[in-house]
Amino acid sequence: MYKDNPLRQISWLDFQNLKREEKGPFFLRNGRPYHALIAQQFDRPSLERLCDLATKIRRIGKTKGGLHFLQSLLSEKRAMLYFAQPSSRTFLSFYSACQIVGLHPAEVRDTTTSSEIKGESPEDTVRTFSSYFDLIIMRHPVGGFAERIAWLLSNTDRPIPVINAGSGQDQHPTQALLDIYTLQRSFETRGGIPRKKIAFVGDLARGRTVRSLANLLTLYPGVKQYFVAPESLQIGADILENLRAAGASYELSEDFEKIIPEVDAIYMTRIQDEWDTAEESRLLDTARFHFTARHLEILKPDAVLLHPLPRRKEIAIEADQDPRAVYWRQVRNGMWVRAALMLEIFDRSSEIVKYYDDLTS
Ligand code: NCD
């Protein structure tokens with residue numbers, strides 16, 4: 001009876017006990033993402049499809065007529081942006097993506113103004129709010145909370161899709177999607193992402209964007225990942241285990257200068273000191289993990305420099321004007337990919353493909 005709603009067929013306890021890669025199918029319907037919660041739910045064809053859709057949306061949106069068409073696609077739907085953690089760029093990115101495809105966005109950002117302070121459980125709060133909407137886009141400090149909500153709503157009379165816009169220190173799947181799109185566009189004329197060397201630098205222990213992207217990169221053959229960080233901020237053993245299981249090659253390093261000339265992409269991240277328990281990251285020498293103006297000279301001529309933003313001092317502003325710095329383009333790409341994801345969730349992508357074919361034939 002609930003074959004189109006797999007999360008209804010499993011108890012919360014059983015679901016929690018599944019491995020990450022086993023959870024993926026529970027978030028899909030008819031092969032498409034219904035919820036978007038973890039990087040592991042995406043396979044290579046679904047990534048290619050999202051990137052292709054993002055490009056079509058981007059091109060269609062260049063004209064007024066095209067924009068009106070895009071805005072008609074989900075104009076009967078409303079989305080709640082439930083952001084219980086600081087955010088401005090991801091929030092605005094989703095907000096803009098909603099506007100591109102006509103979805104009406106409403107926001108909940110300060111959860112202290114809700115009945116949660118009257119003792120209501122966060123689950124009850126989100127379930128109540130969900131009654132007004134057709135989609136929840138959620139950022140939450142507790143890892144796994146978006147999954148919990150997706151399971152909970154799937155077991156009510158009114159299931160609606162949930163998109164994870166950043167959960168604790170754990171996952172940020174839509175950031176990983178836009179990173180993949182940016183890498184794919186950057187390497188378009190060079191055989192795409194396969195066989196590229198990609199370095200992650202900074203706080204890899206608590207940077208959720210890195211954890212999600214590292215998983216997605218295992219879907220591309222021959223990619224070698226470098227994790228460059230002080231020992232105490234190195235990437236989690238669970239991610240390395242995933243890489244080994246996928247047969248992906250990787251290297252751990254503390255020698256950033258040695259790695260720079262070797263790689264095709266560098267993904268810089270900030271120190272996530274909001275997770276410090278005793279100001280421990282202040283005691284670290286993180287300056288040697290900064291990309292300085294001098295490093296532009298040793299970076300390969302066709303390499304690219306990425307950053308999920310916000311940036312602190314980890315990339316010198318001198319790099320901003322360099323054509324290899326693609327972090328501003330990354331921001332724009334986020335809008336198109338998130339718009340594509342929403343169309344996939346509501347099964348409206350075929351209309352994009354048809355409109356685009358008519359436009360270009
Ligand atoms: C990142 C995040 O929130 O995880 N930002 C973002 O979504 N673009 C990275 C960060 O906060 O450092």
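## Ground rules

The model is predicted, so local features need pLDDT of at least 70 and side-chain atom pairs count only at pLDDT 80 or more, while totals for chains, interfaces and linings use all residues. Residues are numbered from 1 along each chain as its sequence is written, and side-chain values use heavy atoms, with hydrogens and water left out.

Helix and strand labels are DSSP runs numbered from the N terminus (helices are H or I with at least four residues, strands are E with at least two). Domain bounds come from an automatic or database domain assignment.

## The largest pocket

Let's start with the open space. A pocket here is an open set of points on a 1 Å grid over the protein atoms alone, with protein on both sides within 12 Å along at least five of seven lines; lining residues have an atom within 4 Å of a point. The largest pocket has a volume of about 450 Å³, where volume is the space filled by probe spheres set on the points, and points are joined across faces, edges and corners. It is lined by 23 residues, and R139, R208, R270, E274 and P310 are the closest to its centre.

Sorted by class, that lining has 12 polar, six charged and five nonpolar residues (nonpolar: Ala, Val, Leu, Ile, Met, Phe, Trp, Tyr, Cys and Pro; charged: Asp, Glu, Lys and Arg; polar: the others, Gly among them). Helices α5 (89-100) and α9 (208-217) each put in at least two residues. Domain 1 (6-171 + 332-352) and domain 2 (173-330) each contribute at least three.

## The largest cavity

A cavity is a set of grid points where a 1.4 Å probe fits but cannot get out. The whole structure has three of 30 Å³ or more, and the largest holds about 120 Å³ of space. Residues from both domain 1 and domain 2 line this largest cavity, so it lies between them.

Its lining includes R89, T90, S93, Q175, L178, H307 and P308. Helices α5, α8 and α13 are the elements that give two or more residues, and α13 gives the most, with five. By class, the lining divides into six polar, four nonpolar and two charged residues.

## A parallel sheet

Four strands make an open sheet in the order β4-β3-β5-β6, with parallel pairing; two strands pair if DSSP finds at least two bridges between them. The edges are β4 (104-108) and β6 (162-167), each with a single partner strand, so one side of each has no neighbour in the sheet. From one strand to the next, the twist averages 15° (axes are lines fitted to C-alpha atoms, and angles run from 0 to 180 degrees between N-to-C directions).

Strand β3 (residues 78-83) is joined to β4 by five bridges. R78 sits opposite H104 in β4.

P310 is in the loop between β11 (304-306) and α13 (327-345).

Two residues other than glycine have positive phi. R195, in the loop between α8 (173-186) and β7 (197-201), has phi near 65°. D347, in the loop between α13 and α14 (349-360), has phi near 60°. R195 counts as exposed because its relative accessibility is 59%, whereas D347, at 46%, counts as partly exposed (buried is under 20% relative accessible area, exposed over 50%, partly exposed in between, with a 1.4 Å probe and protein chains only).
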